[in-house]
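Please find below my notes on the two-chain model that you sent for comment. They are arranged as numbered points, to be read beside the coordinates.

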Amino acid sequence: MSIDTETARRVAKLARIKVEDDALPALASEFSAILGFIEQLNEVDVEGVEPMTSVTPQRLKRRADVVTDGNQQAAVLKNAPDAREGFFAVPKVVE
Amino acid sequence: MSDLTKLTIAQARDAMRKGETTSAEITSACLTAIEGADALGAFVHHTPEIATAQAAAADTRIKAGDAPDMCGIPLGIKDLFCTKGVPSQAASRILEGFKPEYESTITSQLFDAGAVMLGKLNMDEFAMGSSNETSVYGNAVNPWKRAGDDTALTPGGSSGGSASAVAADLCLAATGTDTGGSIRQPAAFTGITGLKPTYGRVSRWGIVAFASSLDQAGPMTKDVRDAAIMLTAMAGHDPLDSTSADIPVPDFEAALTGDIRGKTIGIPKEYRMEGMPAEIEKLWEDGTAMLKDAGAKIVDISLPHTKYALPAYYVIAPAEASSNLARYDGVRFGHRAKLAHGDGITEMYEKTRAEGFGPEVQRRVMVGTYVLSAGFYDAYYNRARRVRALIKQDFDRVFADGVDAILTPATPSAAFGLGEMTNADPIQMYLNDVFTVTVNLAGLPGIAVPTGQNAQGLPMGLQLIGRPWEEGDLLNVAYSLEQSAGFVAKPAKWW
């Protein structure tokens, strides 16, 4: 499948990665090459095959639904680019 | 003792226990070797204070007797592992300045066993790459060079720094991680041993996630015995990783008898790729003959869906990456872009991720976003998961037929020059993983063992693939192959 620049723009937006307009055509052609490679998968007969959900046949373990951790506000905020008054700070979200 | 940095884990363990040397001495020798090896670009964060303190503590334990096997062994740690208070940035700009407040389960286990951390090792950004050229730190360089040719070669990737450091004797061993071949391909390119365990054998907790259903950490060592020793220390159930298996961890070193009589080794015909270099083909034939001479039964097998492993991988891995890397948003850790007046939160995300991720990571995140997007999810992602199930069934079938291990080349070529692939399209680079990626998709253990050198003197490796959870058996076959191959060559020091 060939990807056009509009699709490349839409994917970049979905991925929340800023791509300048002049970089979109090159990006679109890279996507096209990779998707062309991936399309070999269409040759495979997958009729009746369940998509794999777990590579090892094991059930996920369960544990009691209780609080096991907490009271680490300083550690949690330690690496934040901007933390104020015990919160992560971000630009205005609501107009 | 001379040349302390050249010791294997087993040799160092035995020498320390006999009192012939100390962890302090070996650690100091490694730190000196690292200081003189900037040209290799292997160590990107140095932790000499931590190393010296850990070595002193290890020496006390060893003197007191009953110290674990890894006690006092100086290691390099791939930058993908979170290490408390030490930069852990997955070779990415987006994690610049990030110092975790916690320790990964694997490094915790290694340190509890007395291992010593010399520093953090270079890698491809977020483990996405096969040449260590996507790192924010710059390239790691292979200590090997072609005979009579000064071209700088790649140590492979993504665990390129780990491979370079072990091959150049900067450390006794290193941790690596392997999502599509990132332990085995660099091991083969640098003449060392690299083991990817069965999916779930080791905990993924505290390792920066790339593709969670494929990622698995493992040892990168100077020989097979060391891989067995180090895996024993790394493995085990972890309540913090729900996919880690709650099954006993055997003493893998005890499995190394070297006796493989009666074992059945499969040779898959689909791995005989068109255009395979003659030297790789010969390496494979020689390895097959070695295992046969050691008493194994050689059988031809078929893994019919092999051809579709790479395209399936390049749907599944980017899909999982796009989800895992969504957390890098400039809010909780790492880099945040400088914003213009009036920029809101969406601009913050978009600018932060554009500045923080390199081109290959951006490409994979976007491909992953595309294959998961509405309207394409079934056509790409679900189809790839179906093909993945078929790839696993191929292996299940040959193991059910009595095959104990599978022998293949580890890589389609010896190490290539840094920059040689710059202008190739991304798929050419992806082909490096053609022999290794099936193993991740099927969740199996795989090991790369150096078994020969090409005409230019570069190391080449073979891969053995084992049954799930039977790393002990796999290591024993690898041990036999190692004994027969007798690979002892070392790179000439130029750095």
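The points that follow take up the chains, the contact between them, and a few local features.

1. Basis of the note. This is a predicted model, in which local features need pLDDT of at least 70 and side-chain atom pairs count only at pLDDT 80 or more, while totals for chains, interfaces and linings use all residues. Residues are numbered from 1 along each chain as its sequence is written, and chains are lettered from A and ligands numbered from 1 in the order in which they are written.

2. Chain A. Three helices and two strands are assigned in chain A, in the order α-α-α-β-β along the sequence; helices (H or I, at least four residues) and strands (E, at least two) are DSSP runs, numbered from the N terminus. The radius of gyration of chain A is 22 Å, whereas a compact globule of 95 residues would have a value near 12 Å; the radius is taken over C-alpha atoms, and the globule rule is 2.2 Å times the number of residues to the power 0.38. Along the principal axes, the C-alpha atoms of chain A fill a box of roughly 55 × 45 × 25 Å. Buried residues account for 16% of the 95 in chain A, where a residue is buried if 20 or more other C-beta atoms lie within 10 Å of its own, exposed if 12 or fewer, and partly exposed in between, with C-beta atoms placed from the backbone.

3. Chain B. Here the assignment gives 15 helices and 11 strands. The radius of gyration of chain B is 21 Å, close to the 23 Å from the globule rule for 495 residues, so chain B is as compact as a globular protein of that length. Its C-alpha atoms fill a box of roughly 70 × 55 × 50 Å along the principal axes, and 62% of the 495 residues in chain B are buried. Of the contacts in chain B with a separation of 6 or more, 77% are between residues 24 or more positions apart; two residues are in contact if their C-beta atoms, placed from the backbone, lie within 7 Å.

4. The contact between the chains. Chain A contributes 37 residues and chain B contributes 57 residues. On the side of chain A that touches chain B, the elements giving two or more residues are helix 1 (5-14) and helix 2 (24-38) of chain A, and helix 2 of chain A gives the most, with six residues. By class, this side of chain A has 25 nonpolar, four polar and eight charged residues, where Ala, Val, Leu, Ile, Met, Phe, Trp, Tyr, Cys and Pro count as nonpolar, Asp, Glu, Lys and Arg as charged, and the others, Gly among them, as polar.

5. A helix pair across the contact. How do the axes of helix 2 of chain A and helix 9 of chain B cross? The axes of helix 2 of chain A and helix 9 (residues 309-324) of chain B come within 8 Å and cross at roughly 125 degrees; axes are lines fitted to C-alpha atoms, for helices over the stretch in contact, and angles run from 0 to 180 degrees between N-to-C directions. The two helices are therefore oblique to each other, given that angles under 35 degrees count as roughly parallel, over 145 as roughly antiparallel, 65 to 115 as roughly perpendicular and the rest as oblique. A:I34, A:F37 and A:I38 meet B:P311, B:Y314 and B:V315 in this pair, and the contact has six nonpolar, no polar and no charged residues.

6. B:M234. This residue lies in helix 7 (residues 224-234) of chain B and is buried, with 25 other C-beta atoms within 10 Å. Apart from neighbours within four places in sequence, B:M234 is in contact with B:I106, B:Q109, B:L110, B:V202, B:A217 and B:P219.

7. Backbone geometry to check. The peptide bond from B:G157 to B:S158 is cis, with omega near 10 degrees, and B:S158 sits in the loop between strand 3 (116-121) and helix 5 (160-167) of chain B. A:R16, in the loop between helix 1 and helix 2 of chain A, has a positive phi near 55 degrees although it is a residue other than glycine, and A:R16 counts as buried, with 21 C-beta neighbours inside 10 Å. B:A91, which is not a glycine, also has a positive phi, of about 55 degrees; B:A91 is in the loop between strand 2 (74-78) and helix 4 (105-112) of chain B and is buried, with 33 other C-beta atoms within 10 Å.
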